[in-house]
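Dear colleague,

Please find the structure below, with the sequence. My notes on what was found follow it.

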Amino acid sequence: MIKKYLFGTAMVAVIGFTSCEKNESSPEEPPQEAMTQIDLDQDLQVTKEVREKVKSLNFNSKHIEVVTQKNLEGKTESVFKIEGDILMSPQALAEMQPADITSKQYRTYNLVSSPRTVNVIGYTGGYGQGLTSKQRSALQRAIQNYNDLSIGLNFTLTFGTNYQSYDIVVYQTQNGSAGGVAGFPSNGDPYQYIQIFDGMENYSTATNEHVLTHEIGHTLGLRHTDWFSRQSCGQSGEDAEPYGAVHIPGTPTGYDSNSLMLACFSASESGNFGYYDEVALEYLY
């Protein structure tokens with residue numbers, strides 16, 4: 001049975017990135033459209049304007065909801081959850097332009113500056129937010145997946161509670177669901193917060209590794225491989241508009257069933273990258 005990624009991030013997804021220092025071909029500039037106006041003063045709702053803005057950014061506008069997120073400091077806020085596991089604040093969504101998003105093994109225009117070391121901490125505190133033994137093992141495997149690549153990013157991993165200075169913080173959320181959430185890079189830094197849901201205890205360590213590797217991919221700027229159709233979720237989705245969909249050279253232009261960055265996952269995942277996931281990351285970094 002296929003489960004949805006309940007992805008986003010513990011905090012608001014901040015979307016503005018600097019380009020990676022590694023040479024990469026310049027994507028075609030998409031047509032510029034007038035920015036859709038989103039009312040930041042009203043209670044958060046999935047309005048027609050929100051759907052139009054999401055669609056203009058080449059996200060799947062059929063899969064938007066408002067969720068309340070709680071961070072490690074106990075603060076809560078309402079944000080948009082898009083495509084099942086991507087969180088954006090209304091401010092971040094309002095500020096994004098079609099040129100901010102690109103695609104196929106799909107990526108955002110904003111990437112993490114490299115070469116650099118990315119320091120990751122697995123949170124071990126209380127209140128149901130500390131990682132379980134299985135989640136810690138899965139996170140170790142996920143970090144190793146990235147360190148095994150030939151890219152300009154090196155990842156370190158520690159476990160503890162003093163998380164403020166770390167580039168990426170991974171913690172658990174108690175909601176009875178399976179999956180995780182994260183966000184996209186900002187200002188050349190990876191998105192800081194990844195949540196893994198407590199329902200993942202019902203899955204193997206390898207499937208937990210898959211979810212965490214997937215969410216780390218989002219923090220580095222990777223989008224869902226099948227964002228245009230959500231075929232991995234058994235859905236037909238919608239046709240993609242041409243704005244901001246930039247193909248990563250050397251990867252398929254159609255559905256890649258082996259990609260770790262598909263929108264949905266099964267209970268029998270290996271936790272490993274698909275071949276073209278590695279091609280994409282090694283091209284970008």
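Cysteine 233 counts as buried, because its relative accessibility is 16% (buried means under 20% relative accessible area, exposed over 50%, partly exposed in between, with a 1.4 Å probe and protein chains only). Cysteine 264 is buried as well, at 5% relative accessibility.

This is a predicted model, in which local features need pLDDT of at least 70 and side-chain atom pairs count only at pLDDT 80 or more, while totals for chains, interfaces and linings use all residues. Residues are numbered from 1 along each chain as its sequence is written, and side-chain values use heavy atoms, with hydrogens and water left out.

The disulfide

The structure holds 1 disulfide (a pair of cysteine sulfur atoms within 2.5 Å). Cysteine 233 and cysteine 264 form this link, with an S to S distance of 2.0 Å. The angle about the S-S bond is 95°, and the link is right-handed. Cysteine 233 sits in the loop between α4 (205-219) and β10 (264-265), and cysteine 264 in strand β10, so the pair ties together parts that are 31 residues apart in sequence. Helices (H or I, at least four residues) and strands (E, at least two) are DSSP runs, numbered from the N terminus.

Glutamine 140

Helix α3 (residues 133-147) contains glutamine 140. Glutamine 140 has 44% relative accessibility and therefore counts as partly exposed. Leaving aside residues up to four places away in sequence, glutamine 140 touches Leu157 and Phe159 (contact means heavy atoms within 4.5 Å). Between the C-alpha atoms of glutamine 140 and threonine 213 there are 10.0 Å, with the two residues 73 apart along the chain.

Regards
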